[in-house]
Amino acid sequence: MDGGQGRIMRYPWDEPPGQGAAIEVAEGVLWMRLPLPMKLDHVNVYALDDGDGWTVIDTGFSSKKTRAIWQALIDGPLAGKPVRRVVATHHHPDHMGNVGWFQSELGAELVTTRTAWLFARMLSLDVQETWPSETLDYYRSAGMAPEVLARRMAERPFNFADMVYPMPLGFTRIKQGDVFRMGGRDWDVHMGNGHAPEHATFWSRDDNLVITGDQILSSISPNIGVYATEPLADPLADWLETCERLAPLARPDHLALGGHKLPFTGLPTRMRQLIDNHHGALARLRDHLDTPKAASECFAPLFKRSIGEGEYGLALVEAVAHVNHLYHTGDVVRTRREDGAWLYQRRG
Ligand SMILES: [Zn+2]
């Protein structure tokens with residue numbers, strides 16, 4: 001126990017809904033889950049009752065299996081009303097994966113942010129059979145371990161289109177400051193950044209619900225990564241800016257419905273933790289960079305645990321996000337090593 005009521009995080013449900021089942025977390029708001037074939041093995045999706053139909057929030061990776069689960073949900077907990085709209089909180093494939101299926105097979109309208117739509121459609125059309133040289137350059141500049149790089153190059157590159165159903169032309173845009181009606185409630189739309197650019201969050205004006213996507217999660221820290229599309233990006237600055245902007249909106253009684261893990265209350269506490277965790281990581285990283293090091297040599301101070309092969313890719317892009325942030329704030333300088341890796345060192 002850590003003192004005042006408002007500082008405690010609570011999880012009203014100990015267990016997630018089973019496959020093909022739903023839990024009603026508030027009147028007309030269903031929580032469901034789809035499996036992911038990764039260490040993070042699930043994504044949360046929601047359906048909101050609009051009276052004459054459903055609005056679905058996020059959709060899982062594209063696969064025959066996930067669409068069979070969706071069909072079971074549509075024939076089960078959602079039976080009796082059509083899915084008229086599908087909202088994607090952000091462009092990542094575990095959220096955007098089946099959006100195109102809802103559009104083209106079920107006639108649903110896609111509602112998302114302009115950046116999420118542009119990114120998802122651009123990446124799903126950009127099919128690569130061999131590794132783009134820009135991606136390999138990016139991995140080398142991050143100091144990717146040679147054996148990891150060699151193993152990757154021996155495999156077909158990751159393709160967004162493998163995880164995302166073909167996306168037809170057209171969507172409906174939501175943007176910062178909009179008031180969006182779904183599930184019998186009016187929701188203030190607030191944009192997040194850092195985990196994904198222009199990530200939508202929804203704050204109910206009529207009760208205590210907040211749909212946070214991956215911008216705010218209960219028991220894991222959202223991945224903040226830099227990719228070959230923008231090697232000098234500083235998503236950590238964007239993410240911290242979002243946290244500071246959203247924190248004053250958070251109330252202890254808010255029920256936060258995130259893209260992964262369990263729904264929770266105690267949102268102000270979680271916002272503070274998320275901010276403090278990254279400031280702590282940056283302080284440890286500054287100490288660690290008393291001698292020049294590549295991003296790949298910064299896992300220990302950032303994650304405080306060993307990183308297995310299954311997590312190496314996510315750890316590397318997150319390490320680059322942190323060294324990039326210190327580079328942009330002027331705390332570190334960088335030089336090229338002979339093998340192409342950037343080495344970062346604390347100033348003074
Ligand atoms: Zn996600």
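Buried means under 20% relative accessible area, exposed over 50%, and partly exposed in between, with a 1.4 Å probe and protein chains only. The model you have here is predicted, so local features need pLDDT of at least 70 and side-chain atom pairs count only at pLDDT 80 or more, while totals for chains, interfaces and linings use all residues. Residues are numbered from 1 along each chain as its sequence is written, and side-chain values use heavy atoms, with hydrogens and water left out. Helices (H or I, at least four residues) and strands (E, at least two) are DSSP runs, numbered from the N terminus.

**The zinc site**

- Let's start with the metal: Asp94 (OD), His95 (NE2), Asp214 (OD) and His260 (NE2) coordinate the zinc ion at 2.0 to 2.3 Å.
- Donors here are N, O and S atoms within 2.8 Å of the metal (3.2 Å for Na, K and Ca), and sites may look incomplete because water is not among the atoms.
- Along the chain, the donors of the zinc ion follow the spacing D-H-x118-D-x45-H.
- Aspartate 214 sits in the loop between strand 11 (209–213) and helix 8 (235–246), and histidine 260 in the loop between strand 12 (255–258) and helix 9 (267–288), so the pair ties together parts that are 46 residues apart in sequence.
- The arrangement is irregular because the 4 donor atoms around the zinc ion subtend angles of 89 to 166 degrees.
- For reference, four donors count as tetrahedral if all angles lie between 85 and 135 degrees; four count as square planar and six as octahedral if opposite donors are over 155 degrees apart and all others between 65 and 115; anything else is irregular.

**Helix 8 and its partners**

- Axes are lines fitted to C-alpha atoms, for helices over the stretch in contact, and angles run from 0 to 180 degrees between N-to-C directions.
- The axes of helix 8 and helix 9 come within 9 Å and cross at roughly 150 degrees.
- Helix 8 and helix 9 are therefore roughly antiparallel (angles over 145 degrees; under 35 is roughly parallel, 65 to 115 roughly perpendicular and the rest oblique).
- On the helix 8 side, this contact (heavy atoms within 4.5 Å) is made by Leu236, Trp239, Leu240, Cys243, Glu244 and Leu246, and on the helix 9 side by Met271, Arg272, Leu274, Ile275, His278, His279 and Leu282.
- With helix 11 (residues 312–329), the axis of helix 8 comes within 7 Å and crosses at roughly 85 degrees.
- That makes helix 8 roughly perpendicular to helix 11.
- Here Pro235, Leu236, Ala237 and Leu240 of helix 8 meet Ala321, His322 and His325 of helix 11.

**Helix 3 and tryptophan 101**

- Helix 3 (residues 99–106) has Val99, Gly100, Trp101, Phe102 and Gln103 as its buried residues.
- These residues pack against strand 4 (54–57), helix 1 (64–75), strand 5 (83–87), helix 2 (93–96) and strand 6 (109–112).
- Tryptophan 101 counts as buried at 9% relative accessibility.
- Not counting residues up to four places away in sequence, tryptophan 101 touches Arg67, Trp70, Gln71, Ile74, Leu106 and Tyr165.
- Glycine 107 follows helix 3, and its phi is positive, near 70 degrees.

- Glutamate 198 has a positive phi, near 50 degrees, in a residue other than glycine.
- Glutamate 198 lies in the loop between strand 9 (185–192) and strand 10 (199–204), and is buried at a relative accessible area of 14%.
- Lysine 304 also has a positive phi, of about 55 degrees, although it is not a glycine.
- Lysine 304 is found in the loop between helix 10 (299–303) and helix 11.

**Two further residues to look at**

- Methionine 191 lies in strand 9 and counts as buried at 6% relative accessibility.
- Beyond its neighbours within four places in sequence, methionine 191 is in contact with residues including Thr113, Ile174, Glu198 and Thr242.
- Aspartate 52, in the loop between strand 3 (42–49) and strand 4, is partly exposed, with a relative accessible area of 47%.
- Leaving out residues up to four places away in sequence, aspartate 52 touches Lys81, Pro82 and Arg84.
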